[in-house]
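These notebook entries record what I looked up about charged side chains and their partners.

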Amino acid sequence: MPHSSEDKKRAITRLRRIKGQADALERAIEAGADCAPLLQQIVAMRGATNGLMAEVMESHLRETFGAGADRAVGGAGGDLDDGVEGVMKILRTYLK
């Protein structure tokens with residue numbers, strides 16, 4: 001779960017967008033929409049969901065392993081921030 005109130009607000013906003021996309025997809029299916037528009041909506045939902053997953057993971061990693069956590073044990077903060085950035089690059093690539 002995102003830790004800061006700003007991270008929580010962003011996550012809730014994205015979640016509401018995804019819910020809106022899911023509701024629109026449901027309406028399109030009920031209306032008998034063609035496959036191509038349905039697939040486009042599913043791809044958009046996937047992108048939104050993956051973006052939310054990345055945000056939540058990054059928030060968690062930064063809170064757990066970021067500069068604040070490193071300074072708490074007497075470190076400089078940079079090494080762990082670099083590690084978090086590396087993990088996030090991998091995660092974002094995977095979610096694309």
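**Salt bridges**

I began with Asp7, which forms a salt bridge with Arg10; their closest N and O atoms are 2.4 Å apart. I note that the model is a predicted one.

I then asked where this pair sits. Asp7 and Arg10 are three residues apart in helix H1, which covers residues 5–30, so about one helical turn separates them. I looked up the accessibility of Arg10 and found 37%, which means that Arg10 counts as partly exposed.

My next entry concerns Arg14 and Glu55, whose side chains meet in a salt bridge with an N to O distance of 2.4 Å. Arg14 belongs to helix H1 and Glu55 to helix H2 (residues 35–65); the pair therefore ties together parts that are 41 residues apart in sequence. I recorded a relative accessibility of 23% for Arg14, which is partly exposed. Glu55 is likewise partly exposed, at 24%.

I turned next to Asp23 and Lys19, whose side chains also meet in a salt bridge, at 3.2 Å from N to O. These residues lie four apart in helix H1, so they too are separated by about one helical turn.

Finally, I checked how the bridges connect. I noted four salt bridges in the structure.

Methods. Residues are numbered from 1 along each chain as its sequence is written. This is a predicted model: local features need pLDDT of at least 70, side-chain atom pairs count only at pLDDT 80 or more; totals for chains, interfaces and linings use all residues. Side-chain values use heavy atoms; hydrogens and water are left out. Helices (H or I, at least four residues) and strands (E, at least two) are DSSP runs, numbered from the N terminus. Buried means under 20% relative accessible area, exposed over 50%, partly exposed in between (1.4 Å probe, protein chains only).
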